[in-house]
Amino acid sequence: MYILFGWIPTILGIGIRGIFYRLILHFDGWAAIENRVRLRYANKITLHHGAYLDYGSYLHACPGGIEIGENTIVMHGAILHVYNFRNLPGAFIKIGRDSLVGEYTVIRGQGGVTIGNRVYTSPMTQIIAVNHVFDDPQKPFIEQGITTQGITIDDDVWIGSGAVITDGVHIGQGAVVAAGAVVVNDVPAHSIVGGVPAKIIREIDGDQNHHSSPVYFSQEKVKTG
């Protein structure tokens with residue numbers, strides 16, 4: 001199927017894939033798949049209405065599955081890889097609606113990754129739901145196994161470019177993760193964290209205006225700082 005239709009560019013290719021990829025994927029409504037998108041274990045991938053897979057993205061659903069919510073965008077070069085080659089019981093990737101996976105973001109789902117609605121990851125974010133064990137100095141780490149706890153990111157979270165979210169972390173609703181942060185602990189709702197390891201910078205309480213530039217919604221300038 002990929003050899004036949006995966007290379008076709010422009011809106012023509014999107015239309016053709018929208019029809020024929022229904023034979024190998026689970027579609028809930030209509031979704032758009034650009035050319036050069038790589039899909040493995042496609043029968044375990046679910047795309048909800050309005051989902052969009054950009055040029056060069058890669059989805060590997062082995063075997064717990066990948067689910068992309070309504071109107072969610074997976075940008076160019078992003079990698080969503082369940083990466084379950086050890087029969088892990090909780091491996092999957094699930095993303096809610098109206099979210100965006102930024103360019104060259106990597107999501108590894110060995111321990112399970114749940115991402116809510118309206119979550120934006122900026123380019124080169126890493127969300128890695130797995131850890132290697134390295135306790136025994138007499139053994140190579142590759143012989144000591146792995147641990148998986150899973151990652152949960154609640155609704156309305158913004159993750160800055162180059163941030164790393166490590167296994168076992170829960171990011172609360174409305175939180176912001178600064179660019180380049182390495183998140184190793186849970187992030188409270190409506191807080192901003194940054195640094196290595198990430199620490200709370202401030203709370204988002206609605207009482208502070210940090211914008212000196214105009215603020216825009218959709219196509220209109222709505223207010224100035």
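Which side chains does a polar contact of 2.5 Å join? The side chains of D156 and R118 are the ones joined by that contact. Welcome to a short tour of this predicted model, which takes in an open sheet of nine strands, a nonpolar core of 46 residues and two salt bridges.

**The sheet**

- The nine strands of the open sheet run in the order β2-β5-β8-β11-β14-β19-β22-β24-β25, and their pairing is mixed.
- At the edges sit β2 (32–33) and β25 (199–203), each of which pairs on one side only.

- Strand β24, covering residues 191–194, pairs with β25 in the antiparallel sense, and four bridges connect the two.

**The nonpolar core**

- The largest nonpolar core holds 46 residues, and L47 and L80 have the most contacts inside it.
- Once neighbours within four places in sequence are left aside, the contacts of L80 are Y58, L59, H60, I66, I68, V74, I93, I95, V101 and I107.
- In soluble globular proteins generally, nonpolar side chains tend to be buried together.

**The salt bridge of R97 and D98**

- Of the two salt bridges in the structure, one brings together the side chains of R97 and D98, with an N to O distance of 3.0 Å.
- R97 is partly exposed, with a relative accessible area of 38%.
- D98 also counts as partly exposed, at 27% relative accessibility.

**D156 and its surroundings**

- D156 forms a salt bridge with R118, and their closest N and O atoms are 2.5 Å apart.
- This pair links distant parts of the chain, 38 residues apart: D156 lies in the loop between β18 and β19 (158–159), while R118 lies in the loop between β13 and β14 (120–121).
- Is D156 buried, exposed or partly exposed, and what is its relative accessible area? D156 is partly exposed, because its relative accessible area of 29% falls between the 20% and 50% limits.
- R118 counts as partly exposed too, at 33% relative accessibility.
- A further polar contact, of 3.3 Å, joins the side chains of D156 and Q173.
- Not counting residues up to four places away in sequence, D156 touches N117, R118, V119, Q173, G174 and A175.
- Along the chain, D156 and N117 are 39 residues apart, yet their C-alpha atoms are separated by 6.3 Å.

Methods. Residues numbered from 1 in each chain as written. Predicted model: local features only at pLDDT ≥ 70, side-chain atom pairs only at ≥ 80, totals over all residues. Heavy atoms only, no water. Pairing = 2+ DSSP bridges. Core = buried A, V, L, I, M, F, W, Y, C linked by side-chain atoms within 4.5 Å. Buried < 20%, exposed > 50% of the residue type's maximum accessible area, 1.4 Å probe, protein only. Contact = heavy atoms within 4.5 Å. Salt bridge = Lys/Arg side-chain N within 4 Å of Asp/Glu carboxyl O. Polar contact = N/O pair within 3.5 Å; in protein donor to acceptor, adjacent residues only side chain to side chain.
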